[in-house]
Amino acid sequence: MSGSEVGRLPANDPGCGWLAQLPARASRPALRGDERTDWAIVGAGYTGMAAARQLAAVQPHARIVLIEANRAAEGASARNSGFLVDATLNEGTGTAADIETFKQKYRLNLAAIAEVKAQVERFGIDCDWDGAGKLYAARHPRYGEKLDRFAALLGELGMEHEVLGADALAARTGTAFYTMAVWTKTSVLLQPAKLARGLLDALPPAVDLFEGSPILAWASDTGGYRLTTPEGTLRARNVIMAVNGFMPELGIERNRSFALLLTASLSRPLTQAEYLRLGAPAPYGVLSADAMGATVRLTRDRRLLVRNTCEVPRDLSLDAEALAQRHRSNGRALAARFPTLDPAILTHHWSGIVSLSLNGHHVFGRLGEGLFVAGCYNANGIGTANLLGREIANLAAGQDSDLISLIKARSRPRALPPQPLLGWGARLRLMRDAWRGRSEQ
């Protein structure tokens, strides 16, 4: 690839409840003037920070520049629902190819959990780590067969899990909304903004970080690449693109990944009386058995998170009026599950981008001489982004790694139809899926 003009620039709305819990920090400087570097890493989320950390370890004398359009570690990395996922819901056709694919994904997910845990322990990051597992849950009985097949596959492969019925679920979650769930016990729940901030604070001194410096254009240049920002130019011998959902905007794998916009709401801490009315449950995380169903979490500090919207973005963030509309949808999901609670307890509302491919594969590898990319995590970004960020640095620096071949096997995203057909098709598909999954919203 020789370069591209950049399309829409990333912009984060200010309402993220996870970020609101963090102390204020000073902004890092923007890129100004002409800079030269051995390595430029575009995007200071989990992927970019992991790549910078690994490059600093394997090439300690190289100059490494990490450049971020907004504020580092405050994009999608800080805005997700906080699940470190082990096994993903799979209908389990029983074919050898299906089971082998599931095994590959599970092995990568466990490696990703181990990578995040290693960094949390290494740097002493307090991110509310909770090995409580996750619940794939459903309200309507029609999802029972799907969950049964998933449980059977987990059992066949020796993965730790448990099937819960309505009574056990009500006691576990404080709501009678659900009728069945599969509990996968090696998932982890955490506070994503705390993790992202901790990893930001732990960046090696050798990494130069520039914030507020969106890439407006990039092109191949003599001996490398030239990245243009509003106030400067960065010339790099090597570039790692770590922008996940914004890859198409930079002309990266434009026909292999696409972005969706999700919106979440977070409550204030429940009062003791409110918490007791729910039965005083331990912290938990629920993912819906339907892709369009609501995500729900009860956090360690007794906040409720609800994520109940998914859409093809016309813009890459939402204004206050649009956020208020999505807030009402999240409030309805809260009221359906917890009728004793007032939806007004939801005090923070925000949006964030996820990157998907048609077949659930990642984008990972070499795009050209000195040009590398990792992204498209299919809504499983905390662990996968940290793992693939580390491994794209290894690949770029010529370091051996046992996982690169496995990652490459899961990095063959299927080609997408061109725009505007892609957008039209995705919107129609989401409308259909939302109608079919309305019982789970």
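1. A term to start with: helices (H or I, at least four residues) and strands (E, at least two) are DSSP runs, numbered from the N terminus. Keep in mind, too, that this is a predicted model.

2. With that in hand, take the second largest pocket. Three elements, β16 (304-311), α9 (320-337) and α12 (421-436), each give at least two residues to its lining. The space inside comes to about 470 Å³.

3. Who sits around that pocket? The lining has 21 residues, and Thr309, Cys310, Glu311, Val312 and Arg326 are the ones nearest the centre. By type, the lining of the second largest pocket splits into 10 nonpolar, five polar and six charged residues.

4. Next, have a look at Gln119, which is part of helix α4 (residues 96-123). Is Gln119 buried or exposed? Its relative accessibility is 9%, so Gln119 counts as buried. Leaving aside residues up to four places away in sequence, Gln119 touches Arg53, Ile125 and Leu199. With Arg53 there is also a polar contact between the two side chains, at 3.4 Å.

5. On to the cysteines. How many disulfides does a search of the whole structure find? The search turns up zero. A disulfide needs two cysteine sulfur atoms within 2.5 Å.

6. Cys376 gets a point of its own. Its sulfur is 14 Å from the closest cysteine sulfur, which belongs to Cys310, so that pair is too far apart for a bond. Cys376 is buried as well, with a relative accessible area of 0%. Its partner in that distance, Cys310, is one of the residues nearest the centre of the second largest pocket.

How values were computed. Residues are numbered from 1 along each chain as its sequence is written. This is a predicted model: local features need pLDDT of at least 70, side-chain atom pairs count only at pLDDT 80 or more; totals for chains, interfaces and linings use all residues. Side-chain values use heavy atoms; hydrogens and water are left out. On a 1 Å grid over the protein atoms alone, a cavity is a set of points where a 1.4 Å probe fits but cannot get out, and a pocket is an open set with protein on both sides within 12 Å along at least five of seven lines; lining residues have an atom within 4 Å of a point. Grid points are joined across faces, edges and corners, and a volume is the space filled by probe spheres set on the points. Ala, Val, Leu, Ile, Met, Phe, Trp, Tyr, Cys and Pro count as nonpolar, Asp, Glu, Lys and Arg as charged, and the others, Gly among them, as polar. Buried means under 20% relative accessible area, exposed over 50%, partly exposed in between (1.4 Å probe, protein chains only). A polar contact is a pair of N or O atoms within 3.5 Å; within protein, one must be able to donate a hydrogen and the other to accept it, and residues adjacent in sequence count only if both atoms are side-chain atoms. Contact means heavy atoms within 4.5 Å.
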